[in-house]
Amino acid sequence: MTASYPALRLRRTRASAWSRRLHAETVLTPADLIWPLFVAEGEGVEQPIVSLPGVSRWSVDGIVARGREARDLGIPCIALFPYTQVERRTEDGREALNPDNLMCQAIRALKDAVPEVGVLTDVALDPYTSHGHDGLVDAAGYVVNDTTAEMLVAQALNQANAGADIIAPSDMMDGRIGMIRSALEADAHHNVQIMSYAAKYASAFYGPFRDAVGSRGLLKGDKKTYQMDNANAEEALREVAMDLAEGADTVMVKPGLPYLDIIVRVRQAFEVPVFAYQVSGEYAMIEHAVAAGAAERDVMVLETLMSFKRAGCSGVLTYHAAHAAKLLGG
């Protein structure tokens with residue numbers, strides 16, 4: 001500090017809007033956003049998700065329309081999640097390997113219609129299993145690691161073959177990043193990125209997402225044997241270090257707002273691109289607060305997204321992406 005009050009008045013640079021813009025330390029733009037979208041069967045289908053007000057499942061043609069919207073708003077990437085009908089769900093989640101499943105249909109349609117928009121795809125078995133877990137379960141109900149990882153490799157290759165730009169394993173199995181990276185290289189998918197859900201916590205904030213992909217009522221038990229304990233921070237750094245060593249290009253912290261401290265620590269420790277997922281429960285809390293008259297949507301959306309950038313995120317997956325992009329002038 002080179003001066004003291006009144007020679008130094010920190011409020012001087014806050015006194016006008018132009019000056020606040022000039023002195024802003026953190027910048028949020030539509031290019032910082034990834035828009036998660038849910039894919040449903042059919043044509044001309046929009047299915048509103050009750051627990052996610054303002055969010056719908058879309059048939060592939062609707063997903064393409066959202067892709068064009070993202071392009072026009074300056075949103076660089078879309079994240080896809082399928083709603084798999086119950087009759088297609090099995091104990092082993094084999095629909096994940098179907099080259100014509102909903103995910104692959106949507107990937108191909110997006111890359112044909114709007115190739116300039118990136119497509120990020122979820123790699124995990126929970127949208128495809130009859131038990132709702134992210135992996136294969138043994139007779140005792142335990143999610144087994146190594147055989148699940150083999151399935152995830154095949155799922156990742158299926159999505160890469162369909163045209164996915166970023167493979168995003170959300171399953172939290174040990175070793176799967178290295179296995180997927182090796183398989184992508186061997187199959188000449190050299191430029192397909194891996195964004196690892198490296199620090200994904202067993203969280204109470206995922207409920208509306210499970211409604212959106214149809215797994216909430218199917219889930220047997222919980223996911224605490226593979227998703228992280230919310231008491232742990234050092235373990236998150238070990239998870240990130242492992243995934244980076246195995247070939248992840250970028251890493252993710254999930255959920256977002258309750259784990260800003262983890263985002264800061266990951267960014268400072270590794271100096272790599274870090275993304276946050278502002279998950280369904282976080283989105284729903286904002287929307288319910290707005291509906292109750294307790295908050296104003298526009299300022300709350302931008303303030304929460306800015307908090308991720310301030311913490312060190314390169315970008316944010318958020319269901320508010322299109323709304324935020326419009327506010328930001330996309």
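Two strands are said to pair if DSSP finds at least two bridges between them, and strands themselves (E, at least two residues), like helices (H or I, at least four), are DSSP runs numbered from the N terminus. The model to which these terms are applied here is predicted, so that local features need pLDDT of at least 70 and side-chain atom pairs count only at pLDDT 80 or more, while totals for chains, interfaces and linings use all residues. Residues are numbered from 1 along each chain as its sequence is written, and side-chain values use heavy atoms, with hydrogens and water left out.

Consider strand β1, residues 33–39, and its partners. With strand β3 (residues 56–58) β1 pairs in the parallel sense over 2 bridges, and there Val 39 stands opposite Trp 58. Strand β4 (residues 77–82) also runs parallel to β1, joined to it by 6 bridges, and Pro 36 has Ala 79 as its bridge partner in β4. A further 2 bridges join β1 to the parallel strand β10, residues 315–318, where Val 316 is the bridge partner of Leu 33.

In a regular strand the side chains alternate between the two faces of the sheet. In β1, Leu 33, Trp 35, Leu 37 and Val 39 point one way, whereas Ile 34, Pro 36 and Phe 38 point the other way. Because 7 of the 7 residues of β1 are buried, the strand is largely enclosed by the rest of the structure; buried means under 20% relative accessible area, exposed over 50%, and partly exposed in between (1.4 Å probe, protein chains only).

Elsewhere, Met 306 lies in helix α10, residues 297–311, and counts as partly exposed because its relative accessibility is 27%.
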